[in-house]
Amino acid sequence: MDTTLKSAAEGLNHLIIIANDGKEGYAQAADIVARPMLKAMFSRLATERAEFATQLTVLVLATGTQPESGTGPLGALHRVWVEIKSSLVADDDDAALKECIRGDETAVAAYETVLKEHALTAEQQNIINQQLRLTSDALFSLRQELHGNNV
């Protein structure tokens, strides 16, 4: 495999793990929160992250590489922390929001790094940029929701 394809596949596989971590994290957050609006938002974002992983998997397959399918160890650790923290904090909704914000901040950084450091085709860049925009929009909404509850 040439180095361009290998670089693209590595970056895309990293983002698959990030998307899977996001899917699992949002699904867990949806189970924890009490407010119906947050449950719906988190469930929608979990589905969106699953779609991201599917799109990225197609891109990896196009490079002739085996796509990742699981989650990362940091994501698993993060989900355990969310669960423990939510059981100790009186306001589970705000605790879940804060952890989802932290997760999406990590995702945004990962997307930006892959765009900068990996050799990607125009199609790959377009999909990653679209996912980055959607993740950034979600991050903005989460921050607004948290801020609105603490005014």
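Among contacts between residues at least 6 apart in sequence, 80% join residues at least 24 apart. This figure, like those that follow, comes from a predicted model. The protein has 151 residues, of which 44% count as buried. Its secondary structure comes to five helices and zero strands. From the N terminus on, the elements run α-α-α-α-α.

Helix α1 covers residues 3-32, and helix α2 covers residues 36-62. Their axes come within 8 Å and cross at roughly 160°. That angle is over 145 degrees, so α1 is roughly antiparallel to α2. The contact of α1 with α2 holds 18 nonpolar residues, five polar residues and four charged residues. The crossing of α1 past α2 is left-handed.

Helix α1 also packs against α4. Here the axes come within 10 Å and cross at roughly 170°. The two helices, α1 and α4, are therefore roughly antiparallel to each other. On the α1 side, the contact is made by S7, G11, H14, L15, I18, Y26, A29 and I32. These meet D92, A96, C100, D104, A107, A110, Y111, V114 and E117 in α4. By class, the contact of α1 with α4 divides into 11 nonpolar, three polar and three charged residues.

The pair α2 and α4 has another arrangement. Their axes lie 12 Å apart, at an angle of about 20°. That angle is under 35 degrees, which means that α2 is roughly parallel to α4. The crossing of α2 and α4 is left-handed. From α2, the contact draws on L38, F42, R49, F52 and L56. From α4, it draws on D93, A96, L97, C100, D104 and Y111. Eight of the residues in the contact of α2 with α4 are nonpolar, three are charged and none is polar.

A96, C100, D104 and Y111 are listed in the contact with α1.

Charged pairs were considered next. Side chains of opposite charge can pair when their charged atoms come close. In this model the count comes to seven salt bridges. One of them joins E145 to R35, with the closest N and O atoms 2.9 Å apart. This pair links distant parts of the chain. E145 lies in helix α5, which covers residues 122-149. R35 sits in the loop between α1 and α2, 110 residues apart from E145. E145 counts as buried, because its relative accessibility is 19% and the cut-off for buried is under 20%. R35, at 25% relative accessibility, counts as partly exposed. R35 and E145 are also linked with D93 in a network of salt bridges.

E99 pairs with R102, and the closest N and O atoms are 2.6 Å apart. Both residues belong to helix α4, which covers residues 92-117. They are three residues apart, about one turn of the helix. E99 is buried, with a relative accessible area of 1%. R102 counts as partly exposed, at 41% relative accessibility.

R143 is partly exposed, with a relative accessible area of 39%. E105 also counts as partly exposed, at 37% relative accessibility.

A119 is found in the loop between α4 and α5. It is partly exposed, with a relative accessible area of 32%. A119 and L5 are 114 residues apart in sequence. In space, their C-alpha atoms are 7.5 Å apart. Leaving aside residues up to four places away in sequence, A119 touches T4, S7, A8 and Q124. S7 is also among the α1 residues that meet α4.

Key:
Residues numbered from 1 in each chain as written. Predicted model: local features only at pLDDT ≥ 70, side-chain atom pairs only at ≥ 80, totals over all residues. Heavy atoms only, no water. Axes fitted to C-alpha atoms, helices over the stretch in contact; angles between N-to-C directions. Helix = DSSP H or I, 4+ residues; strand = E, 2+ residues; numbered from the N terminus. Parallel < 35°, antiparallel > 145°, perpendicular 65-115°, else oblique. Left-handed = near helix turned anticlockwise from the far one by under 90°. Nonpolar A, V, L, I, M, F, W, Y, C, P; charged D, E, K, R; others polar. Salt bridge = Lys/Arg side-chain N within 4 Å of Asp/Glu carboxyl O. Buried < 20%, exposed > 50% of the residue type's maximum accessible area, 1.4 Å probe, protein only. Contact = heavy atoms within 4.5 Å.
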